[in-house]
Amino acid sequence: MNNFFSVAGKVAVVTGGSRGIGEMIATGLLQSGAKVYITARRAEELNATASRLSEFGECIAIASDLSTTQGISQFVAAVSQRETSIDILVNNAGAAWGDTIDNFAEEGFDKVMDLNVKSIFFLVQKFHQQLKQSATQADPARVINIGSINGLTNPKMNNYSYSASKAAVHQLTRHLAADLAEEFITVNAIAPGYFPSKMTAHIIEADDALKESVPLKRLGSYEDAAGTVIYLSSRAGAYVTGHTLTVDGGMVAAAG
């Protein structure tokens with residue numbers, strides 16, 4: 001039974017791995033025996049996280065700007081110099097933007113769509129060969145995209161480009177899963193609810209009753225984020241592809 005959830009010896013890449021859900025996922029994979037590459041734009045913060053996480057296993061930091069195709073190519077090249085194959089690609093890096101409908105800037109769409117959607121596609125494209133190298137029918141390579149419950153229901157906030165981008169992530173996940181299944185690469189998404197992170201800090205701080213709005217009466221934890229990724233990355237999740245797993249304490253279900 002223990003082997004059902006093993007990721008020991010696998011090579012994983014986690015984007016946006018310096019903090020928040022990305023750091024939670026990287027920590028869980030390391031503690032479960034995987035070798036993990038993390039990336040983010042701010043090198044100092046990224047290196048500090050890698051140094052901290054290295055107590056759990058081999059964690060390599062490579063700073064990059066994934067909002068541009070040049071940055072994506074440079075990051076993939078840096079990983080490829082070290083690894084001929086990768087087993088797990090977690091596309092977690094993301095951005096948000098909020099403003100009223102009358103004042104919402106074009107920049108707020110371009111920045112969010114470039115990082116939240118476009119980077120996922122081109123990371124999969126440019127890591128395609130490395131994923132194929134590790135993929136077998138018995139143990140597929142895994143792509144895991146981080147979506148959001150904001151892409152499933154009306155977030156009731158003015159984050160228009162964010163909610164649109166996350167809905168696009170869920171659809172892109174289904175599309176890629178159908179195309180890559182014959183190569184034994186599974187593609188799934190996770191739609192988190194409220195987890196502690198820099199992106200959600202202003203919401204959590206502004207709403208003392210937020211936990212009470214979650215049917216399970218708490219925010220998401222490290223175990224919730226990491227455990228879901230480990231399930232999808234292990235033998236237990238090898239037959240799952242093209243799906244979005246909602247990890248939100250029941251918020252989408254309660255929304256009706």
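Visitor: With which residues is Ser18 in contact, leaving aside its neighbours within four places in sequence?

Guide: Contact means heavy atoms within 4.5 Å. By that rule, and setting aside neighbours within four places in sequence, Ser18 is in contact with Glu23, Ala40, Glu45, Leu46, Thr49 and Arg52. The model is predicted: local features need pLDDT of at least 70, side-chain atom pairs count only at pLDDT 80 or more, and totals for chains, interfaces and linings use all residues. Residues are numbered from 1 along each chain as its sequence is written, and side-chain values use heavy atoms, with hydrogens and water left out.

Visitor: Where is Ser18 found, and is Ser18 buried or exposed?

Guide: Helices (H or I, at least four residues) and strands (E, at least two) are DSSP runs, numbered from the N terminus. Ser18 belongs to the loop between strand S1 (11-15) and helix H1 (20-31). A residue is buried under 20% relative accessible area, exposed over 50% and partly exposed in between, with a 1.4 Å probe and protein chains only. Ser18 counts as buried because its relative accessibility is 5%. Gly33, in the loop between H1 and strand S2 (35-39), is partly exposed, with a relative accessible area of 37%. Gly33 is in contact with Val7, Ala8 and Gly9, neighbours within four places in sequence being left aside.

Visitor: Which residues touch the most other members of the largest nonpolar core?

Guide: In soluble globular proteins, nonpolar side chains tend to be buried together. A nonpolar core is a set of buried Ala, Val, Leu, Ile, Met, Phe, Trp, Tyr and Cys residues joined through side-chain atoms within 4.5 Å. Here the largest has 32 residues, and Leu89 and Phe127 touch the most other members. Elements that give two or more residues to this core include helix H3 (69-80), helix H4 (106-126) and strand S6 (185-192). Apart from this core lies another, of 29 residues, among them Val14, Val36, Ala50 and Phe195.

Visitor: How is the aromatic pair of Phe75 and Phe127 described?

Guide: A pair of aromatic rings is described by the distance of the centres and the angle of the planes. Rings of Phe, Tyr and Trp (its six-membered ring) pair if their centres lie within 6.5 Å; planes under 30 degrees apart count as stacked, over 60 as edge-to-face and the rest as tilted. The structure holds 4 aromatic pairs. Phe75 and Phe127 form an edge-to-face pair, 6.1 Å centre to centre with 85° between the planes. Phe75 lies in helix H3 and Phe127 in the loop between H4 and helix H5 (128-134), so the pair ties together parts that are 52 residues apart in sequence. Phe75 is buried, with a relative accessible area of 1%, and Phe127 counts as buried at 0%.

Visitor: Which residues line the largest cavity?

Guide: Rolling a probe the size of a water molecule over the atoms shows where empty space is left. On a 1 Å grid over the protein atoms alone, a cavity is a set of points where a 1.4 Å probe fits but cannot get out, and lining residues have an atom within 4 Å of a point. Grid points are joined across faces, edges and corners, and a volume is the space filled by probe spheres set on the points. The count comes to 1 cavity of 30 Å³ or more, and the largest cavity has a volume of about 40 Å³. Ile21, Ile25, Ile146, Ile190, Pro192, Phe195 and Ala225 line the largest cavity. H1 and S6 each supply at least two residues of that lining.

How values were computed
1 Å grid on protein atoms, 1.4 Å probe; cavity = no way out; pocket = protein on both sides within 12 Å on 5 of 7 lines; lining within 4 Å.
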